[in-house]
Amino acid sequence: MSDDGPLGKFGPLSLHVPEPAVRHGGEPDFSNVNIPEAGSVRRPDVDTNPEEIRDLAFSIIRVLSRDGEAVGPWAGLLTHDQLIEGLRHMMTLRTFDARMQIAQRQGKTSFYMQHLGEEAVSCAFRKALAPGDMNFPTYRQAGLLIAGDYPMVEMMCQIYSNERDPLKGRQLPIMYSSKEHGFFSISGNLATQYIQAVGWAMASAIKNDSKIAAGWIGDGSTAESDFHASLVFASTYKAPVVLNIVNNQWAISTFQGIARGGSGTFAARGLGFGIPALRVDGNDYLAVFAVAKWAIERARRNLGPTLIEYVTYRVGAHSTSDDPSAYRPKTESDAWPLGDPIVRLKNHLIGRGVWSDERHKQTEAEILDTVIAAQKEAESFGTLHAGGKPSARDMFEGVYEEMPPHLRRQRQQAGV
Amino acid sequence: MARKTMIEAIRDAMDIMMERDDNVVVFGEDVGFFGGVFRCTQGLQAKYGKTRCFDAPISEAGIVGAAIGMAAYGLKPCIEIQFADYVYPAYDQIVSEAARLRYRSNGGFTCPIVVRMPAGGGIFGGQTHSQSPEALFTHVSGLKVVVPSNPHDAKGLLIAAIEDPDPVIFLEPKRLYNGPFDGHHERPVTPWSKHDLGDVPDGHYTVPLGKAIKRREGSQLTILAYGTMVYVAEAAAEEHGIDAEIIDLRTLLPLDLETIVESVSKTGRCVIVHEATLTSGFGAELAALVQEHCFYKLEAPVARVTGWDTPYPHAQEWDYFPGPTRVGRALVETLEG
C-alpha cells in the first residue's frame with residue numbers, strides 16, 4: 001500500500017476561501033494594488049499581434065499624473081472643449097444620481113443604483129463611439145445615456161415608472177432601453193448581455209456593416225458562464241466588439257477576489273482566448289477615452305475583439321438596498337489610490353488654465369438647476385406611488401407583437 | 001409536390017427562407033460543414049456560404065445569446081440545439097432574454113429567433129437524447145412553442161416560425177424524422193414515402209402558428225395529442241375500434257383552444273396524450289382548460305396518458321413510452337367512465 005494514500009505523507013486537504021485584505025472595522029489597505037506611473041505604459045499599434053501585448057493585461061494604462069498633467073503615449077487625443085464637455089457629463093451624472101438617490105429615499109421610486117466614483121468609465125467610453133454603434137450595458141453605465149444626450153426627463157420617467165415612462169412601467173428603475181441612443185435594454189439578469197453584444201457584432205460583420213458593439217459586465221459577473229461563452233464566440237469569429245469589464249472592487253459584499261480566482265487580473269481572462277486585453281485607470285477620463293478609442297478602432301478595422309478592464313472603485317452602495325459599512329471599511333473610498341474622476345479631470349483642466357474653482361462651482365450650480373428642472377417635469381407625470389402611472393391595460397401589451405387569444409381572455413378577466 | 005422525409009421538409013423550409021431573406025442565418029453545433037447530426041441543414045452552407053450557415057462552439061447559452069444579439073441587430077436567426085436535452089444551459093437566455101425582450105424594451109428591441117431542437121424518445125437515446133421539455137417553455141410568457149407531427153406541417157410551420165416576429169421554440173419529434181411511428185416498435189418502420197402527409201408542396205407556404213388540426217373526425221371521445229403521440233393515438237383508437245376524434249395540436253403556445261373546446265363539447269370525453277413526464281406536464285394545462293370550458297359537457301374524468309415521472313430510461317424505453325397499449329386502456333376506461 002502506498003504511503004501517499006489517505007492522510008499519508010501529505011496530510012489532509014483543506015479548502016481555500018479567499019478573503020479581502022480588510023473588512024469593516026479595519027483600516028483600508030490597498031497596498032496590494034500596484035499602480036504604475038502615469039504615461040509609463042506603451043501604446044501599441046491597433047494591429048499589433050495580441051501575443052506581443054500580453055503584459056498590458058497586468059499593468060494599468062494611465063494618462064493623468066499625480067500633478068494633474070496628461071502624460072505619455074495615450075495622451076493628447078481630446079481638445080479642451082471636449083474635456084470640459086466630459087467634465088460636465090460626469091458632473092451631470094453625479095448630480096442626477098444624488099437627486100434620484102434622494103427621490104428613492106423619499107419613496108418616489110422603489111430602487112436606485114448610483115455611479116459614484118465610476119463616472120469616467122461610461123461617460124468617456126460613449127464619446128469614443130460612432131452613431132449606430134450599440135452598447136449592451138449593465139446597470140451602472142448611465143453615463144452612456146448622459147454623454148449621448150439622452151433626455152434626462154425620460155430617464156427619470158423610467159425611474160418613476162410614471163405615465164411617460166418609455167418602458168410603460170414594465171422594468172425596474174434604471175433598466176433603461178433606447179435603440180436610437182445605442183443602448184440595449186438592460187436585463188437585470190447578469191452577464192446575459194455580454195454574449196448578445198458578441199452576437200450583435202457578428203451580425204454587423206455578416207451584413208458587411210461598419211457598426212461595432214460594446215459589451216459591459218462587472219467584475220463579479222465575469223464568473224457567469226455567459227462571460228466565457230462570449231469570449232469563445234468573440235475569439236472564434238473575430239467579432240467587432242469591445243468587451244468591457246468594470247472592476248469596481250466589490251460585487252455587493254463580495255470582494256473581487258472571489259470572482260477573479262488566481263488569474264491575477266480580470267483582463268488576463270482574455271489571454272487564453274488570444275484576445276488583446278488592456279487594463280486601464282477607470283478614474284482617468286483621458287485614459288478611458290484613449291483605450292476605448294484604440295479598441296473601437298481595432299473592431300472597426302475588422303481586427304476583432306478587445307477586452308478592457310477598468311480599474312475603479314464603487315464609492316457608494318451597490319444599490320439602495322445595501323449598506324457597505326456592514327462589509328468594508330467606511331473610509332475605504334478615501335484610501336482608493338486612483339482618486340476621484342471628477343476631481344482629477346477638474347484639476348487637469350485648471351492646470352491647463354482652461355478651468356477654475358469658480359467656474360467649477362458655477363457649473364455645479366447650473367447642472368443642479370438643470371437636473372432639478374428635469375426632475376420637476378418628470379414628477380409632473382407622476383412618481384411610483386403618486387400621480388400618473390401606466391395603465392393596467394398596458395401590462396398585457398407587448399408580450400407578443402400580436403396579442404394571442406389567451407392574453408386577450410386574461411385582460412378581459414382582469415377587467416382592464 | 002414531392003414525398004419528403006421530415007428532415008428534408010425542414011431543410012426545404014430553411015432553404016426557401018434563406019433564399020427569400022438575406023437576414024435569415026442558420027447556425028449550431030455541427031450545423032455548417034456537416035449539415036447537422038440529423039442532416040437537417042445539409043447543403044445550406046455550400047449554397048449560402050459560411051457566414052449564413054456555420055458551425056458554433058459547444059455552448060448552447062452562447063448560441064442562443066448570440067442569436068438574440070443578432071436578432072436585436074435585425075437578422076432572423078434560425079438556430080439548432082443539437083438535442084432538446086442540451087437546451088438547459090441556454091434556458092436563462094431563452095426565458096429571461098428572448099422571451100421578454102420585446103416587453104421589457106416596450107418594442108424597442110425584438111427577438112425574432114427560431115430555436116429548433118430534436119425532442120422525444122423512441123430511438124434508444126437514454127435520458128440525454130429523449131426528453132420532451134415543451135412544458136418548460138409553454139410556462140414562459142413571450143415564447144411560442146411548436147411541435148410538428150409530419151413533413152407537410154413541419155415545413156409550413158417552420159416557415160411560419162421564421163417569419164414570426166417573436167421567439168419560437170420548435171421541437172422536432174426525432175422519432176418522426178424518417179417516418180410516422182405508432183409506438184409498435186417491434187414492427188418494421190414505415191417511411192414517409194408511404195404516408196400521405198409525406199407529400200410536401202414545393203416552394204413557400206405556411207401552416208399558421210396557433211392552429212390545431214383534426215387528424216380524424218370522431219364521435220365517441222376526443223384525443224388531444226401532438227408530435228409522435230398523434231400516431232400512437234390513431235393506432236390505439238383503431239385497435240380498440242373506438243370512433244375517436246383526434247386533434248393534433250401542432251402549436252402548444254398559443255393554443256388553439258377553440259378547436260379543443262368544440263371537439264370535447266361534442267364528444268363529452270377527453271384523453272390527453274404526451275410523451276413528457278406527467279406532473280406539471282402540458283397535459284395538466286390541457287386538462288385544466290378542458291374542465292374550465294367543457295365541465296358541463298363532460299361525461300367522464302379527463303384522462304392523461306404520459307411518460308412516467310422518472311428520467312427517460314435506456315433499457316426500459318418501451319416500458320416508459322406511452323404506447324398504444326397504455327393509450328388504448330385509457331380510451332376504454334374513459335368510454336366506460
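Predicted model: local features only at pLDDT ≥ 70, side-chain atom pairs only at ≥ 80, totals over all residues.
How much helix and strand is there over residues 12-51 of chain A, and how far apart are the end C-alpha atoms? Select that stretch to begin: the chain there is 0% helix and 0% strand, with its end C-alpha atoms 40 Å apart, where helices (H or I, at least four residues) and strands (E, at least two) are DSSP runs numbered from the N terminus.

Residues are numbered from 1 along each chain as its sequence is written, and chains are lettered from A and ligands numbered from 1 in the order in which they are written.

Next, show both chains: 36 residues of chain B are in contact with 36 residues of chain A, contact being C-beta atoms, placed from the backbone, within 7 Å. On the side of chain B that touches chain A, helix 3 (60-73), helix 4 (91-98) and helix 5 (101-104) of chain B each supply at least two residues, and the largest share, 10 residues, comes from helix 3 of chain B.

Finally, select helix 8 (residues 229-239) and helix 12 (residues 324-336) of chain B, which pack at an angle of about 60° with their axes 8 Å apart, the axes being lines fitted to C-alpha atoms over the stretch in contact and angles running from 0 to 180 degrees between N-to-C directions. Helix 8 of chain B and helix 12 of chain B are therefore oblique to each other, a word for angles that are not under 35 degrees (roughly parallel), over 145 (roughly antiparallel) or 65 to 115 (roughly perpendicular). Among the residues that meet are Val232(B) and Ala236(B) in helix 8 of chain B, and Val327(B) and Leu331(B) in helix 12 of chain B.

Notes:
Contact = placed C-beta atoms within 7 Å.
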